[in-house]
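Subject: Structure handover

Hello,

Here is the structure for you to look through. My notes on it follow below.

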Amino acid sequence: VVFWMILSGESQADIYKVRRDGSGLTNLTDSPAAIDFDPAWSRDGARIAFISNIGSPNRFVLKTMNADGGDVKTVHDPVEAIATERFPPGVYDPSWSPDGSAILVDQPVSFTGDGENGAAGVWHTLKIRADGSQIVDLSQAGGHADGAEYLPSFSPDGGSLVLSIREGPEDPAGVSLHIYRMNSEGGELQRLTDSPAWDEFAVWIG
């Protein structure tokens with residue numbers, strides 16, 4: 001299992017892994033100057049995607065590393081990202097494609113302070129080639145670029161993904177947060193949940 005943790009007496013998060021029985025706790029990113037979190041293992045177990053913020057500039061970038069913490073590479077540094085009321089600029093919530101060729105992330109792209117999407121701003125879903133050579137804005141490509149899109153996750157065959165979309169005014173009573181499905185190119189957006197609850201954190205299994 002790979003996860004992030006802040007130890008007692010420390011102020012920054014690091015990435016750790018541990019066996020399912022709780023043994024073998026290993027610190028993978030011993031970086032006192034950086035915040036490292038949101039780790040995601042590739043399907044073959046060879047690489048781990050995570051986001052990292054060194055503080056100057058105050059921006060979360062997408063990185064990958066080997067399963068032992070070595071061979072750290074910066075995949076995407078979102079210099080154009082903007083801050084929201086709660087989040088620094090950057091990308092968040094990485095998720096690998098089944099074949100390991102791409103990584104999904106979400107990124108804030110607009111924040112006016114006028115309360116759009118429950119004061120969250122506008123977030124887009126990006127599909128980034130694992131070597132950083134190509135970035136596709138799936139929200140723009142699919143024609144659904146006005147919501148706050150979070151937590152994308154690929155289907156086992158890589159043809160679709162699920163995500164959460166937050167929409168509505170600043171008043172919490174008017175905000176909706178539902179699970180959606182779309183194809184891997186951003187099209188065919190379909191809402192899967194229709195309840196008064198806020199639905200999020202959907203993950204494909206298989």
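Three strands make an open antiparallel sheet, ordered β1-β2-β3. Its edge strands are β1 (2-5) and β3 (26-27), each pairing on one side only. Strand β2 (residues 14-17) pairs with β3 in the antiparallel sense, over 2 bridges. Lys17 is opposite Thr26 in β3. Two strands count as paired if DSSP finds at least two bridges between them. Helices (H or I, at least four residues) and strands (E, at least two) are DSSP runs, numbered from the N terminus.

Before the rest, some ground rules. This is a predicted model: local features need pLDDT of at least 70, side-chain atom pairs count only at pLDDT 80 or more, and totals for chains, interfaces and linings use all residues. Residues are numbered from 1 along each chain as its sequence is written, and side-chain values use heavy atoms, with hydrogens and water left out.

Overall fold

The protein chain has 2 helices and 15 strands. Its radius of gyration is 17 Å, close to the 17 Å that the globule rule gives for 206 residues, so the chain is as compact as a globular protein of that length. (The radius is taken over C-alpha atoms; the rule is 2.2 Å times the number of residues to the power 0.38.) The C-alpha atoms fill a box of roughly 45 × 35 × 35 Å along the principal axes. Buried residues make up 47% of the 206. Buried means under 20% relative accessible area, exposed over 50%, partly exposed in between (1.4 Å probe, protein chains only). Among contacts (heavy atoms within 4.5 Å) between residues at least 6 apart in sequence, 41% join residues at least 24 apart.

The largest pocket has a volume of about 480 Å³. Of its 20 lining residues, Arg86, Phe87, Trp123, Tyr150 and Glu200 are the closest to its centre. Elements giving two or more residues to this lining are β4 (35-41), β8 (92-96), α1 (116-119) and β12 (148-154). The lining divides into 12 nonpolar, 2 polar and 6 charged residues.

The second largest pocket has a volume of about 330 Å³. Its lining holds 19 residues, with Pro94, Ser95, Pro152, Ser153 and Val203 nearest the centre. Here β4, β8 and β12 give two or more residues.

On terms: a pocket is an open set of points on a 1 Å grid over the protein atoms alone, where a 1.4 Å probe fits, with protein on both sides within 12 Å along at least five of seven lines; lining residues have an atom within 4 Å of a point. Volume is the space filled by probe spheres set on the points, which are joined across faces, edges and corners. Ala, Val, Leu, Ile, Met, Phe, Trp, Tyr, Cys and Pro count as nonpolar, Asp, Glu, Lys and Arg as charged, and the others, Gly among them, as polar.

Backbone and loops

Most residues other than glycine have a negative phi, and most peptide bonds are trans. A cis bond joins Ser56 and Pro57, with omega about 5 degrees. Pro57 sits in the loop between β5 (47-53) and β6 (61-66). Asp71, not a glycine, has a positive phi of about 55 degrees. Asp71 lies in the loop between β6 and β7 (73-76). Asp93 in strand β8 has a positive phi of about 60 degrees.

Glu170 is in the loop between β13 (160-167) and β14 (176-183). Leaving out residues up to four places away in sequence, Glu170 touches Asp114, Gly115, Gly118 and Ala119.

Best wishes
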